[in-house]
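Here is a short tour of some charged pairs and a sheet. Have the sequence and the 3D view open as you read.

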Amino acid sequence: MPISQPPSLFRWLCEKRETTMMEDTIVLYPSPGRGHLFCMVELGKQIVKHHPSISVTIIISTLPTEPFPVDDPYFSTLPTTYPSITLLHLPKVSLPPITSFSPLDFVASFFELPELSNTNLHQTLLNLSKSFNIKALIIDFFCSAAFEFVSSRHNIPIYFFFTSGASGLSAFLHLPVLDKIFTKSLKDLDVIIDLHGIFNIPSKAMPAAICDRSHKVYRYFLDTAKLMMKSAGIVINTSELLEHRALQAIQEGKCDPNEPVPPLFCVGPLVTTSESKSEHECLAWLDSQPSRSRYFLVDEMKVALALREAEGEQFVTAPELEECLIELMNSKKGEAVRERVLKLSEDAAAAKSDGGSSCVAMAKLLDSFKKG
């Protein structure tokens, strides 16, 4: 007569068998902003391209004021062109009424929407885990509110996806150190910020969202910078050839010497360009960089000329623009910029080709999912 297994062990064996037979999936959680959403979908395409046996599930939240572009050919054709990618929509949530609205309030709403969606995200992951082996969760940095909420309830490695380049990430990761050094808002200081290994930048020229300590969005960015350093890794929309110095500064711990640096995966440039455009993907990537990128584009990457700055003026005049365009097209300095852009375009193409640095980084990212 066969000896029966103890119920607890038998149940464990059945659950283990079911888990082994489940299909692996990588869950992506983008910010609903159009540029962030498209960029995350491009990341999903690259994952299934390099690992056809794995599926990608993209969990989408929608801004109350902006419906999901369901009729956009980019999304309507996705099930046919990429059947391994599934889109799941979270129930809509409403943001609290805003009595006064500013650009910083708008940025803050991108952090607040995922926080309000945490319960729905949790339930979606629970339901998904009944049919799939969730190998990793990659969240947009605006979705940082999901990091601790999910990590305390699910045994899933969580990665951050930074949709801009490494220079912007480096400035961003410096924030916890800057927060300790300065007690005043950066907008109220007249100092030069040393972004180690990259460039020096006047405090007032730092991104507006991290210049005002009194606004809640400053705390959102500060907390997110700290959480990114605790993640399983940071996926960056750049390549090693495009931003070698910035990446080296991050990897060497120059942003925050007190925190260990998680693995970095430079899988870009990931951009979406219309088929009707002849725009090169490197130029589209440069165009996707955040506002106040003057020092990044002019001083670090040397792919732009600086417009003459007049004190008290916030807008560029037509004569100033004309003068800069003439310099770009007819001067030695302009020729150097054009040659630099061409070289970066070639580097971007090389990075994404077989055996290129971005392909190698994608392979390492996929390997990290397996080790889980």
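## Charged pairs and a sheet

Let's start with Lys 216, which is partly exposed at a relative accessible area of 41%. Here, buried means under 20% relative accessible area, exposed means over 50%, and partly exposed is in between (1.4 Å probe, protein chains only). Glu 112 is buried, with a relative accessible area of 14%.

A quick word on what you're looking at: this is a predicted model, where local features need pLDDT of at least 70 and side-chain atom pairs count only at pLDDT 80 or more, while totals for chains, interfaces and linings use all residues. Residues are numbered from 1 along each chain as its sequence is written, and side-chain values use heavy atoms, with hydrogens and water left out.

Side chains of opposite charge can pair when their charged atoms come close. A salt bridge is a side-chain nitrogen of Lys or Arg within 4 Å of a carboxyl oxygen of Asp or Glu. How many salt bridges does the structure hold? There are eight, and the table shows three of them, including the one between Lys 216 and Glu 112.

| Salt bridge | N to O distance |
|---|---|
| Lys 216 and Glu 112 | 2.8 Å |
| Arg 213 and Asp 179 | 3.1 Å |
| Lys 343 and Asp 347 | 2.9 Å |

Take Arg 213 and Asp 179, which meet in a salt bridge. Arg 213 sits in the loop between β7 (199–202) and α10, while Asp 179 is in helix α9 (residues 175–181), so this pair ties together parts that are 34 residues apart in sequence. Helices (H or I, at least four residues) and strands (E, at least two) are DSSP runs, numbered from the N terminus. Arg 213 is partly exposed at 30% relative accessibility, whereas Asp 179 is buried at 17%.

Lys 343 and Asp 347 are four residues apart in helix α15 (residues 332–352), so about one helical turn separates them. Is Asp 347 buried or exposed? Asp 347 is buried, with a relative accessible area of 12%, while Lys 343 is partly exposed at 41%.

Now for the sheet. Seven strands make an open sheet with parallel pairing, in the order β3-β2-β1-β4-β5-β8-β9. Two strands pair if DSSP finds at least two bridges between them. At the edges are β3 (85–89) and β9 (264–266), each pairing on one side only. Strand β8 (residues 233–236) pairs with β9 in the parallel sense over three bridges, and Val 235 has Phe 265 in β9 as its bridge partner.
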